[in-house]
Amino acid sequence: MAKEMVAEDLLKQLGVEASNAGACTGKWIDTDGPELISYNPTDGQPLASVRQAKIADYERVIGAAQDAFRDWRMLPAPQRGEIVRQLGDELRAHKEPLGRLVSLEMGKILSEGLGEVQEMIDICDFAVGLSRQLYGLTMHSERAQHRMYEQWHPLGPIGIITAFNFPVAVWAWNAAIAAVCGDSMIWKPSSKTPLTAVAVQQIANRVMQRNNLSGVFNLVIGRGSEVGEALLADRRVPLISATGSCRMGVRIAEVVGKRLGRSLLELGGNNAVIVMDDADQELALRACTFGAVGTAGQRCTSTRRLILQKGIAADFTERMVKAYGRVNIGDPLDPATLMGPLIDDGARDDMMNALQKVREQGGEILCGGNKIDRPGFFVEPTIVRAHEGMEIVREETFAPLVYIFEVETLDEALALHNDVPQGLSSSIFTTNLISAETFLSHRGSDCGIANVNVGTSGAEIGGAFGGEKDTGGGRESGSDSWKIYMRRQTNTLNWGSEMPLAQGVEFDL
Ligand code: UN1
């Protein structure tokens, strides 16, 4: 009951009233769809419930998104940027309660919950600047008195599917950029974190109402097998941007690919840190513990493998084990806590199943390895001494479980590093310029993100975020990731009085 009060209180501060709405187009749509209960991972108790949208509700949302797109795309991009600036301000004003709600519903510690909202604010700022850019190139035409250039046009209503682990930031990476690009959007959040989605939608609603707009930011909470599948198969939605497991990504690629739609996939990672003998061990230790234990190992970028050079391996392993002994585990809203719970019991079972395979495949558990006997979904952060050939290390287990390997040379480290199906984030700790550059070169890390003396997790929004191989190839957030939210048009304009053909072709009648 006390916890329910916390959720209720936070939702009230965020302007959310209890309702039967499971979908929103600016106005909440009441539905009699099945109830979805959001559980607090810290004690396993219900926080609040929402209604799930049905197909008829989805149809209303897509209709509103299509209508809104027609008007929104006509606003000059800097004016769209102005709306996104206001969204950033509204998020600033609600950073504290929204960050708390993220921690409450998802289980990450408060500084990370607040950090997630900060990512939302930062991407809004980024998008505001971008709204005055969205540059196309100008090319030199091979024909006299011809001008050739390209323009970027809005794409249409896009679908955004997000995961529980970054329940609000990843929406913002997509939503802020897509909005300045002139797209409307339909958000399908994870069914494990519906409350944060409702709160964010309400924040966006307020901004839009103030500007007499609606239908740009839309929400459908519902079952993957129902509204999720409808969204994937919907030809009215030219782009699906999705974060989740590799298994989910394969399904999306299949359904969206079949209708020749576009997909932006940010799927699993199996991120490794290489620590060389010449590394600053202090730095490496801090980055590796945060990478492996932070967010209870539930970031796509969490450190899952440590590849240690022989000279420092024993000492570094010992220091990691000692550091793990100091990790404060508990209520994510308590400022002394460094690691909260896993999202649900299924996640705990996945970790325990992975550890069973570790034992069968000859790994050695150096510390941790158990569930914690208290309410909620807590586990011990775990370090495993692994060896090459253990199949389980090729899988992403979304938990605080890290595998340690020992190698003799950089070449050996790189071979091991790249020998997994996923390719999201990676890092090397070294003070040797040649090792650093080799890691970043084409024969080094095969990941979308490669860092030197910086851990695998905690990327800034300014860079393009995403990875290669089974991670899906998509890029979100900063740099030129905006291009996937627009359609490119190449234009050639003849301002002369001749009709020359390209490639010197003659065609005189
Ligand atoms: C994710 O886990 O899906 O780089 C996103 C990071 C965060 C985002 C992670 N900025 O760890």
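Let me begin with a definition: a residue counts as being near a molecule if one of its heavy atoms lies within 4 Å of that molecule. Please keep in mind that what we are looking at is a predicted model.

With that definition in hand, which residues are found around the ligand? They are Glu119, Asn165, Phe166, Trp173, Glu266, Arg299, Cys300, Thr301, Ser457, Gly458, Ala459 and Phe465. If we sort this shell by residue type, it divides into five nonpolar, four polar and three charged residues.

Let me now turn to the polar atoms. A polar side-chain atom of Glu119 lies 2.6 Å from a nitrogen atom of the ligand, while a polar side-chain atom of Thr301 is placed 2.7 Å from a ligand oxygen atom. In the side chain of Asn165, an N or O atom is 3.1 Å from an oxygen atom of the ligand. How much of the ligand does the protein bury? Taken alone, the ligand exposes 320 Å², and the protein buries 100% of that area. The space that the ligand takes is, moreover, the largest cavity.

Finally, let us step back to the domains. The domain assignment gives domain 1, which covers 3-267 + 472-489, and domain 2, which covers 271-460. Their centres, taken over C-alpha atoms, are separated by 30 Å, and 25 residues of domain 1 are in contact with 25 residues of domain 2. Returning to the ligand, we find that the shell around it draws at least three residues from each of domain 1 and domain 2.

Conventions
Residues numbered from 1 in each chain as written. Predicted model: local features only at pLDDT ≥ 70, side-chain atom pairs only at ≥ 80, totals over all residues. Heavy atoms only, no water. Polar contact = N/O pair within 3.5 Å; in protein donor to acceptor, adjacent residues only side chain to side chain. Areas by Shrake-Rupley, 256 points an atom, 1.4 Å probe, with all protein chains shown as cover. 1 Å grid on protein atoms, 1.4 Å probe; cavity = no way out; pocket = protein on both sides within 12 Å on 5 of 7 lines; lining within 4 Å. Sits in = over half its atoms within 2 Å of the grid points. Nonpolar A, V, L, I, M, F, W, Y, C, P; charged D, E, K, R; others polar. Domains from an automatic or database assignment. Contact = heavy atoms within 4.5 Å.
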